[in-house]
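Trainee: I am new to this structure. Please show it to me, and then let us go through it one part at a time.

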Amino acid sequence: MPSPTPTDDPLRRERDHLAASRAALRAMREDVESLDLRDVTGTWVSAAVLRNQVELRIAALADLAHTPLFFGRLDYLHAVGVGPSSPAAGQQAAQAEGATGERFYIGRRHVHDADGDPMVIDWRAPVSQPFYRASRKDPLDVERRRRFGYTGGELTAYEDEHLTDPAETDTRSALLAAEIEKPRVGPMRDIVATIQPEQDEIVRADVTGTVCVQGAPGTGKTAVGLHRVAYLLYAHRERLARTGTLVIGPNRSFLHYIEQVLPALGEVDVAQATVQELVGQVEVRGEDSAAAATVKGDARMAEVLRRAVRAGISLPTEPCVVVRGSRRWRVPAYELIEIIEELKSREIRYGAAGEALPQRIAHAVLVKMEHGGEAPDDRVQDAVARNAEVKAVVRACWPAVDPVKLVHRLLTDAAFLAECAEGVLTAEEQELIRWTKPPRSVKSTRWSAADAVLVDEASDLVRRTPSLGHVVLDEAQDLSPMQYRAVGRRCSTGSATVLGDLAQGTTPWATGSWPEALHHLGKAGAHVEELTQGFRVPEEVIVYASRLLPAIAPGLAPATSVRELPDSLTVRHVPQALADSVVAACREALTFEGSTGLIAADARIPLLAEALTSAGLPYLEPGTETSAEARLTLVPASLAKGLEYDYVVLDEPAAVVAGEPDERTGLRRLYVALTRAVSGLTVLHTEPLPEQLRG
């Protein structure tokens with residue numbers, strides 16, 4: 001059981017080990033800071049690279065005052081052997097209690113003493129894995145698993161599980177439960193101390209495979225994805241350092257909320273972006289109707305764009321005559337046609353084929369020169385490829401394509417669109433996506449978010465998009481097929497971790513199934529894992545929200561929760577003065593520890609903002625970090641996805657549903673809003689609740 005008594009000898013020894021480990025971490029950081037790089041680099045480039053690597057290493061060795069350096073300990077039955085001189089010096093505190101095997105402290109990063117012996121083992125190391133997977137049924141050679149409890153960075157308690165003792169029964173860990181249920185203030189925290197076995201399997205899945213996680217609210221799918229990045233960077237650092245990693249989120253508020261997780265795990269060099277930022281070749285200033293955006297996001301647009309890119313290709317009718325000195329070399333039209341048709345059939349990128357065409361023509365000239373008794377070399381071929389006649393043929397038959405101008409023409413020129421979309425889009429669909437008032441120029445165009453994705457697709461048809469080593473795509477259920485293709489291009493030769501919940505798809509084009517989504521992503525063979533056990537949302541709340549599942553995602557299993565909190569749900573009808581009741585509910589929620597989120601339909605945000613201001617209640621906007629002094633956030637329903645608060649006040653559910661273009665999307669938006677609470681949810685309404693919620 002937890003042992004909070006400060007005079008208890010084992011607890012004092014654990015505190016001493018914590019202090020020694022922190023001192024060792026400081027020494028590791030000081031060692032790096034004291035490195036003299038002046039005489040170890042050959043050029044300024046290598047010096048800059050090495051200096052950057054050292055700075056990243058210093059940042060990774062930061063000791064975060066309120067983040068426990070280690071959170072657990074494993075006592076093995078037999079020797080494992082880690083470090084230069086095992087058993088490690090860092091195990092002395094444990095050895096004092098009479099060990100038969102080796103003991104290892106498990107923490108967020110590796111820490112060693114002056115002799116190189118490990119004092120803390122990185123949670124990602126193989127020897128740490130039993131901390132998450134060992135059980136009484138399969139102890140994995142672990143005699144005891146010890147968990148530590150902290151308050152404000154101070155070690156205050158420990159709790160033991162003797163996995164090989166038949167007399168000890170299974171009980172729920174009090175420290176584990178306390179960590180999971182800890183109130184949330186500030187950005188998202190890591191879950192490294194509370195990873196569950198089913199989550200750990202996903203975290204440690206092989207880097208070569210793509211994993212898709214269907215996760216109900218509160219199952220920790222976002223945290224699992226971030227910890228998977230940290231694990232892959234540990235296990236395959238050199239590979240991913242060359243190819244890069246990227247975390248993609250739905251919006252900047254969400255990315256700001258999760259941005260501290262990886263640095264807390266020692267990983268400070270992972271990029272973050274939204275899908276819109278990935279395809280940012282044009283400035284988005286316009287907006288499509290839902291119907292137009294759905295057509296533009298349809299995978300059929302890829303074929304329309306492929307045709308558009310190649311629409312300018314033409315076949316020559318005249319030969320190409322190259323003059324070299326006193327001789328003229330003639331490549332007949334039929335040979336030129338064969339060369340062009342061969343390049344078309346290979347389906348290589350349009351730009352690469354355009355660069356290959358003059359070389360192909362030049363090679364045909366060189367063959368004729370050799371037959372004529374000359375001995376040309378590669379320099380002659382390059383010179384012929386730059387010949388004016390050859391360049392003229394290339395310009396005429398394989399003209400250069402500007403992706404932005406191409407999409408602009410496609411959406412303004414009805415005849416061109418009809419030519420490229422014949423047999424692919426109906427006349428009605430073409431009418432939907434074509435601009436009714438064509439802009440005068442590319443610069444004056446009010447591009448929409450869907451247009452930007454089309455430009456990105458066209459750009460990839462011209463030039464291959466560079467691939468990263470691993471991409472994490474969160475809230476993936478909201479992406480259109482064309483957006484999936486845009487993300488897939490960024491990991492075409494790498495792997496991906498896809499995270500989402502089909503029940504939370506709140507766009508008209510939200511994916512209907514994960515196999516369909518993975519097909520568009522280019523990862524059709526990916527394995528789909530389903531997480532249904534929640535650890536954050538109370539059981540009473542998730543059961544209430546799950547009433548919507550038959551209407552919004554009939555194929556999904558209802559989520560469950562390990563947390564049974566009586567009276568965590570309040571649903572109250574307010575006949576009049578709803579805004580006043582909402583303000584009062586926020587005041588009440590703020591009397592408890594933790595954060596409070598007031599979620600409402602986007603259209604009602606100004607009204608509620610005025611009510612909060614009049615009542616003297618300061619509030620934050622989504623993406624702004626909460627603190628002990630500012631714990632209330634006013635959240636438009638459209639931005640609530642992926643966020644969580646200890647207490648949530650939900651204003652007028654019917655307005656949330658009505659704010660979307662169709663009922664299914666509105667009910668899904670409501671499902672998201674209902675599942676943001678960790679400790680308590682208060683639902684206030686004047687209008688009747690959606691019939692799916694009525695018990």
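Mentor: Contact here means heavy atoms within 4.5 Å. Helices (H or I, at least four residues) and strands (E, at least two) are DSSP runs, numbered from the N terminus. This is a predicted model, in which local features need pLDDT of at least 70 and side-chain atom pairs count only at pLDDT 80 or more, while totals for chains, interfaces and linings use all residues. Residues are numbered from 1 along each chain as its sequence is written, and side-chain values use heavy atoms, with hydrogens and water left out.

Trainee: Against what do the buried residues of α14 pack?

Mentor: Buried means under 20% relative accessible area, exposed over 50%, and partly exposed in between (1.4 Å probe, protein chains only). In α14 the buried residues are A333, E335, L336, I339, I340 and L343. Their packing partners are β10 (320-324), β11 (327-331), α15 and α17.

Trainee: Why do the buried residues of α14 line one face?

Mentor: An α-helix has 3.6 residues a turn, so residues three or four places apart point the same way. On the face turned away from the buried side of α14 are the exposed residues Y334, E338 and S345. The arc is taken from the directions from the helix axis to the C-beta atoms. The buried residues of α14 line one face because, seen down the axis, they fall within an arc of 165°.

Trainee: How far apart are the end C-alpha atoms of α14?

Mentor: The expected span of a helix is 1.5 Å times one less than its number of residues. For the 13 residues of α14 (residues 333-345) that gives 18 Å, and the end C-alpha atoms agree, being apart by 18 Å.

Trainee: Which helix is included in what covers the buried residues of α2?

Mentor: The buried residues of α2 are A47, V54, I58 and A60. They cover an arc of only 160° around the axis, so they are on the same side of α2. What covers them includes α1 (9-33).

Trainee: How many residues apart in sequence are the parts that Y350 and W398 tie together?

Mentor: Rings of Phe, Tyr and Trp (its six-membered ring) pair if their centres lie within 6.5 Å; planes under 30 degrees apart count as stacked, over 60 as edge-to-face and the rest as tilted. Y350 and W398 are stacked, at 5.2 Å centre to centre with 25° between the planes. Y350 is buried at a relative accessible area of 3%, and W398 is buried at 3%. Since Y350 lies in α15 (residues 350-371) and W398 in the loop between α17 (388-397) and α18 (403-412), the parts tied together are apart in sequence by 48 residues.

Trainee: Over the face of which residue does R409 lie?

Mentor: A charge sits over a ring if NZ of Lys or CZ of Arg is within 6 Å of the ring centre and within 35 degrees of the ring normal. One case is R146, whose charged end is 4.1 Å from the centre of the Y158 ring. R409, at 3.6 Å from the ring centre, lies over the face of F416.

Trainee: Is D460 buried or exposed?

Mentor: D460 is in helix α21 (residues 449-462). Not counting residues up to four places away in sequence, D460 touches R349, T465 and R489. With a relative accessible area of 8%, D460 is buried.
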